[in-house]
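Please study the sequence and the 3D structure shown here, and then work through the exercises in order.

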Amino acid sequence: MDSLHIGSYTFSSRLILGTGKFSSPGVMLEAVKASGTQLVTVALRRFNREQPGDDLFTPLTSIPGITLMPNTSGASTAAEAVQAARIARELSGSPFIKVEIHPNPQHLMPDPIETYEASKILAKEGFLVMPYIPADPVLAKRLEEAGCVSVMPLGSAIGSGQGLATAEMLKIIIRESTIPVIVDAGLRSPSEAALAMEMGCDAVLVNSAVAVAGNPPVMAEAFAEAVAAGRKAFAAGIMEKSGIAVATSPLTSFLGTEA
Amino acid sequence: MNPLPEWLSAGHDETRFRAMLSPDSPYTLEQLAGESKAITLRRFGRTMSLYAPLYLSNHCSSGCAYCGFASDRKTPRRRLEQEEIRKELGAMKRLGISDVLLLTGERTKAADFDYLRTSVATAAADMQRVTVEAFPMSVSEYRDLAEAGCTGITIYQETYDPLRYAELHRWGPKKDFRERLETPSRALEGGIKTVGLGVLLGLADPQEDALMLYRHLRYLGKTYWRAGLSVSFPRIRPQTGSYEPPFPVSDHLLARMIFAFRIALPDVELVLSTRESPAFRDGMAGIGVTRMSIASRTTVGGYHDAESSDRGQFDVFDDRTAEAFCSALRKKNIEPVFKNWEHAYNGPSHPEAEK
């Protein structure tokens, strides 16, 4: 069985869903169910114990077979992310933490320096750390050395729907990594998710593309199918692209068999 | 001497912004609305983040011609003590609010920096997110405020026209145009994470003011790369002192401005308060505006003791309850978000600002 292994956890689905930007918690839950995802991320800032109607975390715990991964979106420094991670573990009981540090709340680009610092500390504290990072191959290796269980490079800017703008860097990260590489952010359509999987990504994380779709649950299902197809293609071995035609009758048969 | 600094006089890349706002604009309102809606949806999703204002004090040392709390108005003056603030916050929390904007007048002995800092700390203990709309401060005061738990400040230039500014701000510390203009920069240097800018619509030529505001935002974004920016669109409404706006702004022009800012600055938070009508607020939700105040009281206090008959700083037009407003948003397929922040994120924006 072709499963995704992250830390000591095993997942059969390679689609991870984000839970922000939906028109209601009800629609979000339907999308999560329809996607068949087993790993879902929720921002700590959207945990609301004081007002159940505003809370995204508790309703998700009612879906069987889901592992929840809190994220630190909103943190702008390593210190804030570390503190948020500790609170999130306390509230959720999940060992996973998606480290997300945006020093600029406008474009939401991850800060590589603060992310590295926070990830190092949290990995030492026993968290299963999944950092959201720029598509930088060296940073990815440094985070692997720091004890992260996965790296999550961006395909393009969060919420931009620009797809795999970082494809060439992602290929290097995938080639060099010994931990799962999960493309996070920027995917707009299922075909882009399939392409990421064909490139050899271990999983993809999608949020906006599902949340703002005309019909989020159906779009979630479409992404699930695309991810599965892309993975299957990758595992089957995709034929090489070539710029020149290969003759079906060999051109060098006159040379005889090589000794 | 040109009273405007270089960065406000120099043109940034603003051709399209000007064209969107120009009276003979090549863009129809409907075209702009469509583009603005698509950007809003992609970047912010189907959500609206909510906050509520809490007026801490209406003491004021300035003579702004248009303001119900100006120092020559006969309005009774008072400030909330810390115990009263806690009661107000308690009442706000019962409405579901976790994101509060604290307001005061210009700096006075009755409501000075120490009072404000203490009040921020009181609010930060109870609320997830605390922002402040008060008086201009120094870099070190902003640093102290950030450490007390303030993550954002709102400071409106009111108008970027120096001559109109001088006429309208008759006395007091707010008379100093440049001092006010440089306030957002000082806040960001001090480690405040977000600054909210705006012009008070009705005071001066709205197209000119919008362009200057746009330049100010571009300047801040480039100079302080960590800065979170937001823009509010306060429009003068009837109030204590009955000031008649010399440049009234129509619904159509206000809508056009909101769309132009959304298109030109796709990631910036756009804010609309309860000064505006229910119909206008509901209409703007999902097509440009991403943050709104709810259930607002514009008197000092007013949440705990809802019977107060004081006049506020301005009259609330959208006086729907939190519940009624949220249900209108949900009908539009938009999720009202009460908590979109975490107390853990309340430190200064950058490590150097912590010292």
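The model is predicted: local features need pLDDT of at least 70, side-chain atom pairs count only at pLDDT 80 or more, and totals for chains, interfaces and linings use all residues. Residues are numbered from 1 along each chain as its sequence is written, and chains are lettered from A and ligands numbered from 1 in the order in which they are written.

**Exercise 1.** Describe the side of chain A that touches chain B.

*Solution.* Step 1: two residues are in contact if their C-beta atoms, placed from the backbone, lie within 7 Å. Chain A contributes 30 residues and chain B 30 residues. Step 2: helices are DSSP runs of H or I with at least four residues, strands are E runs with at least two, and both are numbered from the N terminus. Helix H3 (78-92) and helix H8 (208-211) of chain A each supply at least two residues. Step 3: H3(A) gives the most, with 5 residues.

**Exercise 2.** Determine which residues of H3(A) are buried, and what they pack against.

*Solution.* Step 1: a residue is buried if 20 or more other C-beta atoms, placed from the backbone, lie within 10 Å of its own. Among the buried residues are A:Ala78, A:Val82 and A:Ser92. Step 2: the buried residues pack against helix H2 (57-61), strand S5 (67-71), strand S6 (96-99) and helix H4 (112-124) of chain A. Step 3: just after H3(A), A:Gly93 has a positive phi of about 75 degrees.

**Exercise 3.** Identify contacts of B:Val195.

*Solution.* Leaving aside neighbours within four places in sequence, B:Val195 is in contact with residues including B:Gly152, B:Leu188 and B:Leu229.

Methods: Buried ≥ 20, exposed ≤ 12 C-beta atoms within 10 Å, placed from the backbone.
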